[in-house]
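Work through the exercises below with the sequence and the 3D structure in view. Try each task before reading its solution.

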Amino acid sequence: MDKLVINGATKLKGDVVISGAKNAAVAILPATLLIDGICTIENLPHISDVTLYCEILESLGAKITWNTPHEITIDTRNIHSAQAPLEITSKFRASYYLIGSLLGRCKEAVVGLPGGCNLGARPIDQHIKGFEALGAKVDVGQGKITASAKKLTGTSIYMDIVSVGATINVMLASVLAEGTTTIDNAAKEPHIVDVANFLNTMGADIRGAGTDMIKIHGVPKLTGNATYSVVPDQIEAGTFMLAAVASRGDITIHNCITKHLESVTAKIIEMGANVQEDGDTIRVWCNKRPNRATVKTLPYPGFPTDLQPQIGVALAIADGNSTINESIWESRFQYTYELNKMGAKITAQGKSAFFEGVKSLSGSPVFATDLRAGAALIIAGIVANGTTEVHNLDHIDRGYENIEEKFRKLGAKIKRVSE
Ligand code: UD1
């Protein structure tokens, strides 16, 4: 496996272009299974989760043509199986979208129990509740989920928890159902809107995505024959915003939707950073040690849990003491043990972490415990004095396209080395 070697104490400066959103791409790809036709997807991020999804779709009978490294054409007219390869699907979390898509298309689905980042318990009871309400029978056992239905019928579903995955999955299962489905207490993340826009472009009738009530009027068929461009990655953009703050740098971030970043912008201004927005560009610069802050992660439009480790790096070196309350995942502070190896003073307990700001970090070997923790450790290595080695890069490669190249262009002294 590769590692990143970073020589730190760098103030990041320059321009970076944001890729298509990972979390939208990993839902749009399985959503193509609902189409009985051909479609083209642009602005796909070049990441390993996308490669895995393409392998799965091909194994089910889809024909995929890579037009460019970021654009594919998918022909889903000859889907011949509703059984996804278990060994691939159990490698990553977002494989759960195959249940909703295959159920919608084939009225049956067999999918490996989803793996992915270890952020604590990751139940899928709300997904299952939604599928059952639509008329499916769902069994979980022997490492897989099996769902089947004679037919799916639209109904009203109230989500007990605001869940991104359950909202999208139930939306996928309802698109071809008979009648109207209402999802109440739906999640509102930008990629939910993106998946709904994709499906509507292909012929679906979904209204209200981005609010807490989504209505899906079932249609008999999605014909496709259209091109769709994946929304820019909110979390990647936020990662570079926080890298600018932590490194006391000056980064202009292109191809982002500034509205999706409002919670981050507000928080980093509070921490003493400067932010200038201009169309789809956002410039962040910070000339001083960041101010202390209190952060609480929340579903959108709150501060995203997927940016919690990255802001944790800025708070580790902030002037004063800070607190982060993590309200989504129960084990998202594993990165704090790695930051402490670099000289941070962080005490994590349960869903809270207390940060005693230190003046600087020092380089150390560290291990990415999950995708976003990995991004945070890269930022920490760029900020720290001396040399940092970041191990377990497969986590990072799942969701960030060419991350070291993007940081290198901003001045980071970073290289990938085979171990
Ligand atoms: C998605 C994102 C992930 C992000 C998370 C929260 C993808 C592929 N992943 O994950 O990067 O961190 O949203 O923004 O888009 N829950 C239940 N029962 C369920 C479903 C969820 O109790 O059936 C709980 C979870 O344990 C968690 C909370 O609800 O505490 C939110 O989870 P959810 O929004 O579903 O996260 P994911 O879709 O898995």
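The protein chain is divided into domain 1 (2-19 + 232-418) and domain 2 (22-229); the bounds come from an automatic or database domain assignment. This is a predicted model, in which local features need pLDDT of at least 70, side-chain atom pairs count only at pLDDT 80 or more, and totals for chains, interfaces and linings use all residues. Residues are numbered from 1 along each chain as its sequence is written, and side-chain values use heavy atoms, with hydrogens and water left out.

**Exercise 1. How many cavities of 30 Å³ or more does the structure hold, and which residues line the largest cavity?**

Step 1. Start with the terms. On a 1 Å grid over the protein atoms alone, a cavity is a set of points where a 1.4 Å probe fits but cannot get out; a pocket is an open set with protein on both sides within 12 Å along at least five of seven lines; lining residues have an atom within 4 Å of a point. Points are joined across faces, edges and corners, and a volume is the space filled by probe spheres set on them.

Step 2. There are two cavities of 30 Å³ or more.

Step 3. The largest cavity is lined by Ala21, Lys22, Asn23, Ala24, Pro190, His191, Val231, Pro232, Asp233, Gln234, Ile235 and Arg372. Of the helices, α1 (22-31), α7 (190-201) and α8 (234-246) each supply at least two of the lining residues, and α1 gives the most, with three. Helices (H or I, at least four residues) and strands (E, at least two) are DSSP runs, numbered from the N terminus.

Step 4. The lining of the second largest cavity includes Lys22 and Asp233. At least three of its residues come from each of domain 1 and domain 2.

**Exercise 2. What is the volume of the largest pocket, and which residues lie closest to its centre?**

Step 1. The volume is about 1000 Å³. Of the 44 lining residues, Arg122, Val164, Gly165, Ile328 and Trp329 are the closest to the centre.

Step 2. Sorted by class, the lining has 22 nonpolar, 11 polar and 11 charged residues. Ala, Val, Leu, Ile, Met, Phe, Trp, Tyr, Cys and Pro count as nonpolar, Asp, Glu, Lys and Arg as charged, and the others, Gly among them, as polar.

**Exercise 3. Which residues does a cis peptide bond join, and where does Pro301 lie?**

Step 1. Most peptide bonds are trans. A cis bond joins Tyr300 and Pro301, with omega about 10 degrees.

Step 2. Pro301 lies in the loop between β17 (294-296) and α10 (308-316).
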